[in-house]
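Hello,

Here is the structure we talked about. My notes follow below it.

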Amino acid sequence: MSLDVLPLAAETRPAGGAAIGEVLWATAIGVGLTAVLLALVFVHRTRRSTILTRVGNRLGSATGVPAWVALPTILTTISLLVALLGMLWDIALHIGVGRDEGPLANPAHFLILFGLFGVFAGGVLACSMPLDEKPGPSAVRFLRGWDVPVGGIILTAAGFYALLGFPLDDVWHRMFGQDVTLWGPTHLMLIGGAGLSIIGLLLLEQEGHGGLSTDDGDRKVGQTARFIRQASAMGGLLLGMSVFQGEYDFDVPQFRLVLEPLMIAGAAGIALVAARLFMGRGGALAAVAFFLVIRGGIALIVGPGFGEILPTFPLYLGSAIVVELLALSVALARKPLVFGAAAGALIGTVGHATEWGWTQFTQTLSWNRDILVEGTLMAIVGGVVGGLLGALLASGLRRRLPRPAVARTVVVGSLVVLAAAVANGLIATVPDDLEATFGIEDVQEDPRTANITVQLDPADFVDDPAWVQITAWQGDGLVVTALERTGEGAYRTTEPVPLHGTWKTLLRVHDGRVLTAVPIYLPADEAIGEEEIPAEDGMTRAAIPEIDILQRELKEADGSLWTISNLVVLACTLALIATISWGVGRYARRASALEPYPDAPADSPADGAAQTEGTTAPDAVSR
């Protein structure tokens, strides 16, 4: 691509909402898909067609689940994999080329849209397909003669929440400009809804297998086949909880480095503790195996396959091993919440140490001594909070929830602690007296690349920083190069960096709570009214907030409008969390009142304690 074309490409990329024509096309696609889905539901409920039942029965015959579990589960699983591929591809595209020419010009958006609609459709079908049977003991009466499973309700709610992020994202861009970051509020809705939908699938399977329906819960399947499906679901939960650290996986984090160990430990705590307590021996390891196969496969598709930036991912293997070893203690296994907290502490220490080593091989911006203390503390917080929530989830699936007051206290307390930890990670400072002087030695003129030296002033500003590096991105690629220290406050590149076309090249400094940047080269951008910031030998520039460079497209927002908009997203998120909590609680208590968990006989010594303390039968946990 010639240099003459690159500035033109930038001009064709809108910095706000999508063009009206594309909004209409996207709306038409959504309406069309919804019409097809509602038509299928109508002909099924009025018994004009048996296609859904026949397809569901064929899929369920191999696994022993009813049609209203089999078809939605297969549809949702495929849809989530498609959406995950689309999300990682989309992140790679935005890092490589920046803004889209339009939402429909980005092929990854179609994978995300169809994937999330598939999740929503799976929930709707799960709620609509049961005709002549009550779908599990916790079914909710929707209309006379129409009962719906709580797993289907959660799946529908999570899918709708995720899909709602699409139109809200366009509205957000119109009001505040485009936020080229994974952690934009509406972006979190898209990925959060998809990740949490797995809980709906887990409940749906329990309602179909272990629940009381027309055959009195007598459905039997092979233990190996069921273990594999449960491992896939728990591995899927780990995949869903792991997407939040996506920017770190691509080496372009826009927030402090201590947030990464918090998120990794939190994801491990939720998914691996739940997997071990729910599935029994080997559950955590099986979930990690599924995660590594899927994330590794998608990384190969996005990187070598599509020719984009190769995403890395956490290992989780060390955390899975310590969870499995801890579960060998029968005394802890009898008390899921205690087990969850203890497992979380081990994940935040031993598991955190293994992830520390893993980053040295997989990330340019690997963990170092700058975040040793705070990063470990954040990992412990994430691990313990995640472990408690994972223990509650497993207890709910096993019909062994603690008393409502205990469960609510754990959920609310965990969310408050997690919010405080995230807020701590988001607090960063920008120095008002830091400057950088650049020496630029051109290596190539067309297109221009150069070796760069940097002299910070004051020279002793950083001691043992998380990073002093140069990032160049959105110019049809990504360059992240850690600088070599040559003296006090003096650094130099170890490879040439681009200074041409649509590349955005900047010096980034992260030391403790300091997170700041200095522009080296930024292209002109008519869409946002910004002129070129040229790269000149000997120039001295002041440090500014990173967001001013990484997200040049953001507009100055009115304080009240920004606050109200974030509160709307927060309200939607809390509503989804409340729905999931209600669904898990309803299933656990309705099902346990009618039938004890198959692995915990009613006369088991642990059973009586489980009803009051939320414990799990030891033979089920340590088998």
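Which residue of β12 does Thr437 stand opposite? Thr437 faces Thr540. This is a predicted model: local features need pLDDT of at least 70, side-chain atom pairs count only at pLDDT 80 or more, and totals for chains, interfaces and linings use all residues. Residues are numbered from 1 along each chain as its sequence is written, and side-chain values use heavy atoms, with hydrogens and water left out.

Strands
Strand β3 (residues 435-445) pairs with strand β12 (residues 540-542) in the antiparallel sense, over three bridges. Strands are DSSP runs of E, at least two residues; helices are runs of H or I, at least four; both are numbered from the N terminus. Pairing takes at least two DSSP bridges between two strands. β3 also pairs with β4 (residues 448-457), antiparallel, over ten bridges. Ala436 has Leu456 in β4 as its bridge partner. Two residues lie between β3 and β4, which form a hairpin.

Helix α6
α6 has a kink of about 30 degrees, centred on Pro167. The bend at a residue is the angle between axes fitted to the seven residues ending there and the seven starting there.

Surface
Val36 is in helix α2. Val36 is exposed, at 52% relative accessible area. Exposed means over 50%, buried under 20%, partly exposed in between (1.4 Å probe, protein chains only).

Best wishes
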